[in-house]
Structure formats: C-alpha cells, structure tokens
Amino acid sequence: MEDTTELAPAVRSILSSARDRAAEGRTDRVDVDPRSLRAAFDRAEADGRVPVVAEVKPTSPTTDGTRDDDPVALAEGMVAGGAAALSVLTEPKHFGGSVDTLRRVREAVDVPVLRKDFVVAESQLDAVESDVVLLIARFVGDDLPDLLAAARDRGFQVLVEVHDREELEDALDAGATTVGVNNRDLAELVVDLGTFESVAPHVPDDVTLLAESGIGSAADARRMRAAGADALLVGSAIMDGDVEANTRALTRAEADGDGGAADGAVADDEHSDGGPTETPT
C-alpha cells in the first residue's frame with residue numbers, strides 16, 4: 001500500500017476514509033453490461049468533437065463551496081454540451097458524492113458513466129453499477145492487478161490513473177488498456193499540464209489515454225490533445241458556471257481553433273499557461 005507520508009493531508013484523509021468504507025464490506029456482487037467508453041470517444045471524434053468526460057462533482061477539498069443543483073440536470077446539460085461520457089463522484093465525505101446520484105444519472109443519460117471514487121478493496125466494486133470504474137495506481141499499489149481483474153470480471157471497464165512513468169509501467173504491467181494521467185501532484189496538490197506531456201509519449205498506441213486535471217480552457221484542451229490525449233476528464237472548469245456552455249467550449253475546442261470564441265467560455269479562474277497552479281481537479 002501507499003506510504004501516506006508522501007501524500008498531502010487532504011489526500012491522506014481521502015485515502016483513510018476509503019479504507020474505512022472498504023472495511024464495511026458488501027455481500028451483493030454486481031454484474032455490469034457496460035456502455036463502451038472507447039466507442040463513445042470514437043463517436044465524438046467522428047462528430048468533430050473533442051472527447052470529453054465531464055464530471056458531476058458537488059465539491060472537493062481543492063475548491064470553495066458546494067454546488068447544490070440537481071445532479072441529473074447537470075449531467076443532462078453536460079451531455080447536451082457534447083460530453084462523450086460522464087464521471088460521477090460517489091465519495092461522500094470529501095466530495096459530496098453518493099452511489100444514489102450515480103444510479104440516477106446513469107438512468108437519465110445514454111453515454112458511459114465513470115464511477116469516480118477511491119477504490120482500495122474488491123468489496124468497494126460492488127457498491128453500484130457503472131460503465132467504468134477508477135483505480136488509482138498510487139493508492140492500490142501491488143493490489144492493482146488483482147483489482148483490475150476483479151473489476152473486469154464484474155463487467156466494468158477500468159480507468160487506471162497514474163501520475164508518473166513508474167506508475168504507468170505498473171499500470172501497463174497489470175494489463176491496463178485505458179489510462180489517465182493526472183496533472184495534479186498528490187503531495188503538494190499543484191497542477192502542471194507538463195505532467196501529461198512527460199508521460200504520454202511512453203503510452204502504447206493501443207492504450208486509450210486520458211488527460212486529467214487542470215484543463216480549464218479550450219487552449220488547454222488543444223494542448224493536451226496535441227500531446228496525445230484521446231480524451232479529457234474535466235470537473236471544476238465545467239462545474240463552475242453554465243455546465244452546458246462550458247462543456248461545449250471544450251468539446252468544440254479543435255473545431256473553433258486558436259483564438260475561437262470557446263477560449264473565453266470556460267471558467268475564468270482556471271489558468272491556461274500550463275505552469276504549476278492550484279487549480280481544481
């Protein structure tokens with residue numbers, strides 16, 4: 001398991017809470033018939049859209065305040081804005097999420113839905129059906145191959161999140177076929193888009209690659225795509241304001257081109273210079 005002394009206090013608290021929830025255990029095993037994430041990205045590409053996984057995130061340790069809108073309405077707005085898929089937080093203590101919210105959202109939309117939580121034990125996989133589950137390589141350590149296999153055995157597609165080349169190698173060795181590179185450092189919680197740019201060249205062509213965190217403008221979206229991102233996972237920049245307009249600004253980033261109207265449509269507090277910042281996930 002991860003040496004928590006290397007993590008920011010907020011991240012240690014999230015991981016501790018995840019382990020507490022894992023200890024509660026479950027007896028009912030889920031069996032998922034998933035909507036294809038790769039096919040959803042391909043459809044977006046064919047339609048001239050940047051494949052975006054838009055995140056329904058009421059709050060987080062790195063943002064101020066809570067958004068109390070109906071999560072189903074938010075999700076529907078994101079899909080209307082062109083999101084290829086959705087991500088729904090189910091972590092309750094730090095992100096205000098719930099499995100009930102994910103169930104409601106997945107019933108209301110026809111795109112794949114990622115369960116965004118901090119899974120550290122097989123029992124947590126059975127909390128709710130989703131199309132994709134997240135496994136964070138740094139959190140699960142040597143358990144990654146077993147958890148990946150257990151998730152696939154239930155029918156889940158799996159997004160394995162990494163932060164550096166060493167974690168990428170661990171993910172590939174475990175058999176990951178969908179990898180997300182998180183631009184947020186887990187020790188200082190700063191964001192640097194250069195993280196993705198340093199890791200992406202080492203990802204095999206047959207692996208679906210997502211850029212995560214710090215994507216706050218159309219320029220950021222184009223930068224991550226130029227660096228090799230098949231898709232973008234975006235939370236706070238979409239949740240801050242009109243979610244449909246913010247999603248559309250990102251999904252249309254390449255169609256509108258440099259200097260297009262989309263550049264100013266996403267939340268203004270997200271920096272687009274790519275240097276280390278404290279922007280939200």
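Two strands are said to pair if DSSP finds at least two bridges between them. The legends below apply this term to a predicted model.

**Figure 1. Strand β2 pairs with strand β3 and with strand β1.** Strand β3 covers residues 113–116, and its pairing with β2 is in the parallel sense, over four bridges. Strand β1, residues 52–56, likewise pairs with β2 in the parallel sense over four bridges.

**Figure 2. Strand β2 is covered on both faces.** On one side lie A85, S87 and L89, and on the other lie L86 and V88; all are buried. Because five of the five residues of this strand (residues 85–89) are buried, β2 is largely enclosed by the rest of the structure.

Figure 3. Is L114 buried or exposed? Its relative accessibility is 5%, and buried means under 20%, so L114 counts as buried. Leaving aside residues up to four places away in sequence, L114 touches L86, S87 and V88, and also L102, V132, V133, L134 and L159. S130 is 16 residues from L114 in sequence, yet the C-alpha atoms of L114 and S130 are 6.2 Å apart in space.

**Figure 4. The largest nonpolar core has 61 residues.** In soluble globular proteins, nonpolar side chains tend to be buried together. Within the largest core of this model, the residues with the most contacts are M78, L86, V160 and L232. Helix α7 (residues 144–153) gives the most to this core, contributing five residues. Apart from residues up to four places away in sequence, M78 touches A54, E55 and V56, A83 and L86, I238 and M239, and V243 and T247. A second, separate core has 28 residues, among them I14, A18, I136 and L210.

**Figure 5. Helix α3 packs against helix α12.** Helix α3 spans residues 71–80 and helix α12 spans residues 243–251. Their axes are 7 Å apart and the packing angle is about 30°. The crossing of α3 past α12 is right-handed. Which residues make the contact? From α3 they are L74, G77, M78 and A80, and from α12 they are V243, E244, T247 and R248. By type, the residues of this contact divide into four nonpolar, two polar and two charged. M78, which belongs to this contact, is also among the residues with the most contacts inside the largest nonpolar core.

How values were computed
Residues are numbered from 1 along each chain as its sequence is written. This is a predicted model: local features need pLDDT of at least 70, side-chain atom pairs count only at pLDDT 80 or more; totals for chains, interfaces and linings use all residues. Side-chain values use heavy atoms; hydrogens and water are left out. Axes are lines fitted to C-alpha atoms, for helices over the stretch in contact, and angles run from 0 to 180 degrees between N-to-C directions. Helices (H or I, at least four residues) and strands (E, at least two) are DSSP runs, numbered from the N terminus. A crossing is left-handed if the near helix is turned anticlockwise from the far one by less than a right angle, and right-handed if clockwise. Contact means heavy atoms within 4.5 Å. Ala, Val, Leu, Ile, Met, Phe, Trp, Tyr, Cys and Pro count as nonpolar, Asp, Glu, Lys and Arg as charged, and the others, Gly among them, as polar. A nonpolar core is a set of buried Ala, Val, Leu, Ile, Met, Phe, Trp, Tyr and Cys residues joined through side-chain atoms within 4.5 Å. Buried means under 20% relative accessible area, exposed over 50%, partly exposed in between (1.4 Å probe, protein chains only).
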